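User: Please go through this structure with me, pockets to begin with.

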Amino acid sequence: MQRPMIVRIGLLAVLVIAMAGFYVWQISTPLKTVPVRLGSITFIVSGNGKVAALEQVEVSAKVGGLITELAAKEGDQVSVKQVLARLDDQELQARVRQVGSAAEEARSTIAVVQVQVDQAQNHLARTQRLFDGGVVPRAELDDARNEVELRAAQLRTANAAHRQALASLEYVRTQLNNTVVRAPMTGLVIVKHHERGTVVQPGEPLYTLADSARPIVRAEVDESDAGKIQVGMPVVITSDAFPGRKMTSTIQKIAWRVGRKRIRSDNPAEISDVKVLEAEIPLEPDTRLRIGMAMDVKISTGTKDKAMLIPRSAVLRRGPDLLVSVVKGKAVEQRPVQLGAFEGQLVEVLKGLQPGELVAIGKD
């Protein structure tokens with residue numbers, strides 16, 4: 001019974017010694033302080049974005065059919081009017097021949113009917129002369145006139161049939177040409193939607209092209225900051241893909257409306273919607289940039305001179321309150337403060353401090 005008691009007493013002694021040592025360190029270690037100073041601070045609006053292309057199009061065929069050739073792959077640079085894909089055209093080739101034959105037949109019919117019209121008009125002229133000489137009765141003259149009108153109507157019908165055949169031929173030839181899909185612009189293939197041998201419907205995307213010569217960042221800014229940003233404001237862009245690299249640019253365009261962004265937390269059941277405003281920011285062309293790459297955006301919305309500045313490390317949080325330890329001689333006073341803008345490791349103090357006062361940093 002005595003041994004466990006001795007062990008407990010020993011542990012208690014060690015704890016007392018440790019606490020005493022920590023207290024001595026606390027009172028013996030001087031506080032590190034910095035003065036509240038007046039300086040200039042830049043107001044920053046932060047946002048998240050992704051690399052995109054200023055122009056991006058989906059390339060599709062105007063006709064449906066079996067894909068017989070896909071001439072480009074993802075990552076290829078293609079030029080305008082370059083052939084990207086071909087669809088099976090055997091049926092359309094046959095239709096072109098069929099409709100072409102019909103058009104030729106309609107043209108031949110016109111020639112035959114034209115001869116009949118000429119013959120009827122010649123017969124009418126002879127009959128008119130005979131009727132004027134009193135040789136033939138009026139009934140024969142009327143028959144000749146009716147024959148001319150009949151042949152003229154037949155000629156009009158033949159001409160209409162020929163025009164219809166030509167229109168059908170032009171349509172089928174256009175459909176045949178549409179089995180060859182060409183690039184509508186010079187750009188980079190970022191998505192190849194199908195493989196050879198797939199049957200596609202009219203308008204179904206085959207490729208997605210992006211104008212790689214004009215990359216941009218589509219940045220999303222919280223709705224609460226929407227009124228602070230303007231076209232032309234300077235921007236600093238960083239990315240985890242390029243540690244230590246800073247890209248500078250300016251806002252080129254701001255969306256006309258606020259959109260919604262759905263955010264899912266680590267808990268799949270927790271989904272929240274936030275309102276964001278999208279801004280377009282141009283980038284310098286760089287082969288290392290990839291469409292969809294995540295970017296962090298910091299927009300400089302203005303500066304303020306003679307702002308009271310302290311290090312962020314001087315600010316303590318106690319529940320909802322923000323406190324700063326103000327040092328006066330050997331006395332330390334924890335004082336509530338109201339903060340303004342942040343820039344790097346500095347923070348603006350709006351209320352609670354005066355320039356020149358000493359504040360403790362790095363230690364609670």
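User: How much space lies in the largest pocket?
Analyst: The largest pocket holds about 400 Å³ of space. A pocket is an open set of points on a 1 Å grid over the protein atoms alone, where a 1.4 Å probe fits and protein lies on both sides within 12 Å along at least five of seven lines. Points are joined across faces, edges and corners, and the volume is the space filled by probe spheres set on them.

User: Which residues are closest to its centre?
Analyst: Ile44, Ser46, Lys298, Phe342 and Glu343 are the closest, out of 19 lining residues; a lining residue has an atom within 4 Å of a point. Two or more lining residues come from each of strands E2 (37-53), E12 (234-238), E17 (294-311) and E21 (338-343). E2 gives the largest share, with 5 residues. Strands (E, at least two residues) and helices (H or I, at least four) are DSSP runs numbered from the N terminus.

User: What is this model, and how are residues numbered?
Analyst: It is a predicted model, in which local features need pLDDT of at least 70 and side-chain atom pairs count only at pLDDT 80 or more, while totals for chains, interfaces and linings use all residues. Residues are numbered from 1 along each chain as its sequence is written, and side-chain values use heavy atoms, with hydrogens and water left out.

User: How does the lining of the largest pocket divide by class?
Analyst: The lining has 6 nonpolar, 6 polar and 7 charged residues. Ala, Val, Leu, Ile, Met, Phe, Trp, Tyr, Cys and Pro count as nonpolar, Asp, Glu, Lys and Arg as charged, and the others, Gly among them, as polar.

User: And the second largest pocket: what is its space, and what lines it?
Analyst: That pocket has about 340 Å³ of space. Among its 18 lining residues, Leu188, Ser212, Leu289, Arg290 and Ile291 lie nearest the centre. At least two lining residues come from E2, and at least two from strand E8 (187-192). The classes are 11 nonpolar, 4 polar and 3 charged.

User: Turning to the overall make-up, how many helices and strands are there?
Analyst: There are 3 helices and 23 strands. The protein has 364 residues, 31% of them buried; buried means under 20% relative accessible area, exposed over 50%, and partly exposed in between, with a 1.4 Å probe and protein chains only. Of the contacts with a separation of 6 or more, 73% join residues 24 or more positions apart, a contact being heavy atoms within 4.5 Å.

User: Which strands form the sheet with E7 at its edge?
Analyst: It is an open sheet of 4 strands in the order E7-E6-E4-E9, with antiparallel pairing. E7 (180-182) and E9 (199-200) are the edges, each with a single partner strand, so one side of each has no neighbour in the sheet. Strands pair if DSSP finds at least two bridges between them; E6 (83-87) and E7 have 3. Within that pair, alanine 85 stands opposite valine 181.

User: Where does E8 sit in its sheet?
Analyst: E8 stands between E10 and E5 in the order E3-E10-E8-E5, an open antiparallel sheet of 4 strands. E3 (56-60) and E5 (77-78) pair on one side only. E3 is joined to E10 (205-210) by 5 bridges, with valine 57 opposite leucine 209.

User: Back to E21: what pairs with it?
Analyst: E22 (346-351) pairs with E21 in the antiparallel sense over 4 bridges, and glutamine 338 stands opposite lysine 351. Their hairpin has 2 residues between the strands, and glycine 344 takes a positive phi near 60° there.
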